[in-house]
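Take a look at the sequence and the model below. We will go through a pocket, a helix and some charged pairs.

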Amino acid sequence: DDARNRFKRAESFMVVADLVLGERVETPEQDDSINLSGVAAALAVLAGIAAADAASCHRLGIRSRGQDHAQAVDLVKQVVPHGDDLARDLDRLLDLKDNAHYGILGVSDDDARKAVEWARRAIDNARAVLRS
């Protein structure tokens with residue numbers, strides 16, 4: 001159940017990330033529009049984490065719950081099949097996490113697109129793990 005729930009969460013984050021990627025919202029109070037690519041990147045990070053959790057839960061019976069991102073990457077590497085691919089994309093997403101979630105500088109459209117691509121690939125790999 002945990003694996004399925006985490007996988008559904010990953011897909012949910014991805015749906016919304018796809019919807020807002022590259023979108024801009026005009027606001028009456030500001031001269032500039034709000035770029036939602038940073039939101040897409042933040043959701044892609046959450047999608048990748050949830051996908052890795054789903055694969056780990058399914059294959060290993062556990063998921064990473066600590067703040068140490070390296071432990072999460074090491075854990076998902078143990079998943080067979082696709083663990084190395086999941087770990088690579090999770091590591092890339094986690095490198096972007098602080099800036100996507102908390103950063104003052106924001107995330108560029110290009111970086112957001114990459115994050116969405118990495119998360120989509122992580123979801124595809126997690127789906128394959130859940131089917132195996």
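Which element gives the most to the lining of the largest pocket? H2 does, with five residues. This is a predicted model, in which local features need pLDDT of at least 70 and side-chain atom pairs count only at pLDDT 80 or more, while totals for chains, interfaces and linings use all residues. Residues are numbered from 1 along each chain as its sequence is written, and side-chain values use heavy atoms, with hydrogens and water left out.

Stay with the pocket. Its space comes to about 360 Å³. A pocket here is an open set of points on a 1 Å grid over the protein atoms alone, where a 1.4 Å probe fits, with protein on both sides within 12 Å along at least five of seven lines; lining residues have an atom within 4 Å of a point. The volume is the space filled by probe spheres set on the points, which are joined across faces, edges and corners. The lining of the largest pocket counts 20 residues. Nearest its centre lie Ile 49, Ser 64, Arg 65, Gly 66 and His 69. H2, helix H3 (69-77) and H4 each give two or more residues to this lining. Helices are DSSP runs (H or I, at least four residues), numbered from the N terminus.

Now turn to helix H5. This helix covers residues 109-131, 23 residues in total. From first C-alpha to last, H5 reaches 33 Å, close to the 33 Å expected at 1.5 Å a residue. The expected span is 1.5 Å times one less than the number of residues. Several H5 residues are buried, including Ala 112, Val 116, Trp 118, Ile 123, Asn 125 and Leu 130. Buried means under 20% relative accessible area, exposed over 50%, and partly exposed in between (1.4 Å probe, protein chains only). What do the buried residues of H5 pack against? Their partners are helix H1 (2-20), helix H2 (37-60) and helix H4 (83-102). Contact here means heavy atoms within 4.5 Å.

Next come the charges. Side chains of opposite charge can pair when their charged atoms come close. The count comes to 12 salt bridges, each a side-chain nitrogen of Lys or Arg within 4 Å of a carboxyl oxygen of Asp or Glu. One of them joins Asp 53 and Arg 6 at 2.9 Å, N to O. This pair links distant parts of the chain: Asp 53 sits in helix H2 and Arg 6 in helix H1, 47 residues apart. Asp 53 is buried, at 7% relative accessible area.

Arg 120 pairs with Asp 18 in a salt bridge, with the closest N and O atoms 2.4 Å apart. Here helix H5 is tied to helix H1, across 102 residues. Arg 120 is partly exposed at 35%, and Asp 18 is partly exposed at 38%.

Another salt bridge lies between Arg 127 and Asp 124, at 3.0 Å between the closest N and O atoms. Both sit in helix H5, three residues apart, so they are separated by about one helical turn. Arg 127 is partly exposed at 23%, as is Asp 124 at 41%. Asp 89, Arg 92, Glu 117 and Arg 121 are linked in a network of salt bridges.

Finish at Asp 85 in helix H4. Its relative accessible area is 29%, so Asp 85 is partly exposed. Asp 85 and Ala 126 are 41 residues apart in sequence but 9.9 Å apart in space, C-alpha to C-alpha.
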